[in-house]
Amino acid sequence: MGISVSRYSDITNNDFVTRFCSSEVICPNDPLWNQLLAFNIQLPANVDEQLIFDSNTEPLLQNFLQNNPVTGNLGSLVQVFITRATELLAAPNTDNLMLAWQSYNAIFFIRAVTKYLVEMVPEYDLCKHLDVQARNINPAQDQENDKLPNGESRVEMLIDALISLIIDVPVTDNTYHLHLESINTLLVLMSVYMFAGIHGQTRLVETSLIFRTLFQGRYSIQAPLLIKILLNNLSNMTPAPPQFGSPGPGSLFINIASSLWSMLTLSSTQTIYTEPPSQRRELHERLLREHPLANQSCLLLLALSNHHIHEDNLYRCALLRCEDSNETAATTPHKDNGQLTPPRIDMAALHKALCATAGCEHSTLLLYLMLHSCNAYKRHVTNVPHIEKLIIPILQVLYNAPDSNSHHIYMSLIVLLILTEDDALIKNVHLVMLKNLPWYTERSISEISLGGLMVLVVVRALQYNMARVRDKYLHTNCLAAIANMSCEFRKLHPYVAQRLISLFETLSKRRARLCSEIEGGDINSIELPHHAEEKTEEIMEHIAVLDEVLRMLLEIINSCLTHQLCNNLNLVYALLHKKQLFQQHSHHNIAQNIEMVIGYFSTRLQRVQEGAGGELGVTEVLQCIKKGAEQWSSDRLKKFPDLKFRYVEEDKPEEFFSPYVWSLISSCGNIYWASECAARASDRLLA
């Protein structure tokens, strides 16, 4: 009931595969296809397995590359796949195991060959390989089946068939891997973007037949349906059943009958919801292994929505205009008077999935996109309970900044910044109390508010950036997120207040030290060598950055004292403990406000201390501050505009997001690029 392929090396010796890659012409109606597509093989599960697969198939694919321009066997295979897919779509039961299995095998074969072509040749040569017509040596042979209808290319026909399968075939145990392969094949076709630079192509997105087919209006009806299906795949987080050809009990490899039995008996109910991973790396590994359809659906969503960002991108529009099915009656997108109805999805289910996977870099990027531009999702997040389920995974990424790449840190900070733009949220985060955070190992904290934890982690990320990365955008976003929260700081933990003031002290000392270095060199009177000039310029730039950060920290402290002094006794205590520090910054208007607060409470403390006849303990000092706060009036302070920062995307965002998305597809997906050419392409993406 199938040809068992137990090892990748067996492919080399497979007669049917050899004939496909040879100079033999195999027409779409040749019986060989039934035998070629009746195989069981495990897909490469990691880069190492992909490397073994590539090594074993390299000689065959080299022959294919040489012979296919004459034989047109790839085009015939695509025609066979389209026939199988059409039969599956027309079948009364789209869960038909035989049709699903053969369609799956055909797609896998197409993906493997197309992936090789994408890496080896420019996109126009890939399209030629797909469009070559088979030429049978017998002129009497009926070639009508080989003709392309309506002048369409096979690229268009292949994409049509893949999108139809994704939209019209329900996801079941029997069709799960069919959906997965359809999505992966679309990603492989779109990956011509990754390899454009390697093949010397420029402006590929504008000239590519693949991208024109996907983005120039052909799928105006299907785009919202496709987005809805992909979002549902992510939201459902369905566990993966065993692959066709998975090992089964009693034999080395299973045939169709035992495959069905495995699907009925071996499907796991374990998900990342029921048993959430404790580490981010484990989360990513389990998402790939246990929920590959959700993982790849997320990546395809990103790929479709991050090209042509400023144009009429049907997929991006559908994604960002989707609505909550719990708020509206309609459930299916349709076209009415030329206006496309946006897809309706279960926002609660999507939010649950994004919370569960937020520690993964590609999920963070999708979360950013939804928070930044999808009004329905933003409304849902504003009203959802347990906001800590979304925020804590983002904080963990920032806490582990040394183990994360700069893009992931950057996107995580932007997500936090967008969240802090919500007035209700910045109030609520200080009401959510957290206990026992095993991942926060810097100091043992038995209990802290979510808002306090946010400040702690962002301050830590800011210190890391200032010390090592020195990325202006990173520290700007760190400060903006804290500033947005500052007017609602409530009952900050003593350690949080201490870290805020300690950060200000550390940066003040660093600035003073850098100024001393420059002043000691007397740079205005001596001629410095070129490298010394560069060093001096770098120091001056760093001083300017420090000045900006110190000013922002003063504004944050002032904002808290102006709006919430009575609710932040620990911050007042920390200010009094370091009161000499702020005298150095009295030239700032805002610093004068802080000095006024310090002077007021210092005077009261001095009186109490004189009355007590000795030093006061911490509890007594806090009690004195509490009484003083009850009599304090913020009207004494000079008024400044409230701090409110909003994230604004840079001009030409696709210049950042398009390469970034493809770097994520390369690193976070289960399409494993193991060749040297792929490594060079990946390195170029974020260069």
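The model is predicted, and the values below are computed from it.

- A polar atom of the Ser103 side chain lies 2.8 Å from the backbone oxygen of Leu99.
- When neighbours within four places in sequence are left aside, Ser103 is in contact with Phe81, Arg84, Ala85, Leu88 and Leu178.

**The largest pocket**

- The lining of the largest pocket is made up of 47 residues, and those that lie nearest its centre are Arg280, Leu283, Gly359, Pro393 and Gln396.
- Two or more lining residues come from each of the elements α15 (280–290), α18 (347–357), α19 (361–373), α21 (388–399), α22 (406–420) and α32 (654–668).
- By residue class, the lining of the largest pocket divides into 22 nonpolar, 18 polar and 7 charged residues.

**Salt bridges**

- Glu24 and Arg19 meet through their side chains in a salt bridge with an N to O distance of 2.9 Å; Glu24 counts as partly exposed at 30% relative accessibility, and Arg19 likewise counts as partly exposed at 25%.
- Lys435 forms a salt bridge with Glu447, in which the closest N and O atoms are 3.9 Å apart. This pair links distant parts of the chain, with Lys435 in strand β7 (residues 433–435) and Glu447 in strand β8 (residues 447–449), 12 residues apart.
- Within that pair, Lys435 counts as exposed because its relative accessibility is 56% and the exposed class begins over 50%, whereas Glu447, with a relative accessible area of 34%, is partly exposed.
- The side chains of Arg680 and Glu676 meet in a salt bridge at 4.0 Å, N to O, and both residues lie in helix α33 (residues 676–685), where they are 4 residues apart, or about one turn of the helix.
- Arg680 counts as partly exposed at 41% relative accessibility, while Glu676 is exposed, with a relative accessible area of 62%.
- A network of salt bridges links Glu152, Glu156, Asp160 and Arg218.

Notes
Residues are numbered from 1 along each chain as its sequence is written. This is a predicted model: local features need pLDDT of at least 70, side-chain atom pairs count only at pLDDT 80 or more; totals for chains, interfaces and linings use all residues. Side-chain values use heavy atoms; hydrogens and water are left out. A polar contact is a pair of N or O atoms within 3.5 Å; within protein, one must be able to donate a hydrogen and the other to accept it, and residues adjacent in sequence count only if both atoms are side-chain atoms. Contact means heavy atoms within 4.5 Å. On a 1 Å grid over the protein atoms alone, a cavity is a set of points where a 1.4 Å probe fits but cannot get out, and a pocket is an open set with protein on both sides within 12 Å along at least five of seven lines; lining residues have an atom within 4 Å of a point. Ala, Val, Leu, Ile, Met, Phe, Trp, Tyr, Cys and Pro count as nonpolar, Asp, Glu, Lys and Arg as charged, and the others, Gly among them, as polar. Buried means under 20% relative accessible area, exposed over 50%, partly exposed in between (1.4 Å probe, protein chains only).
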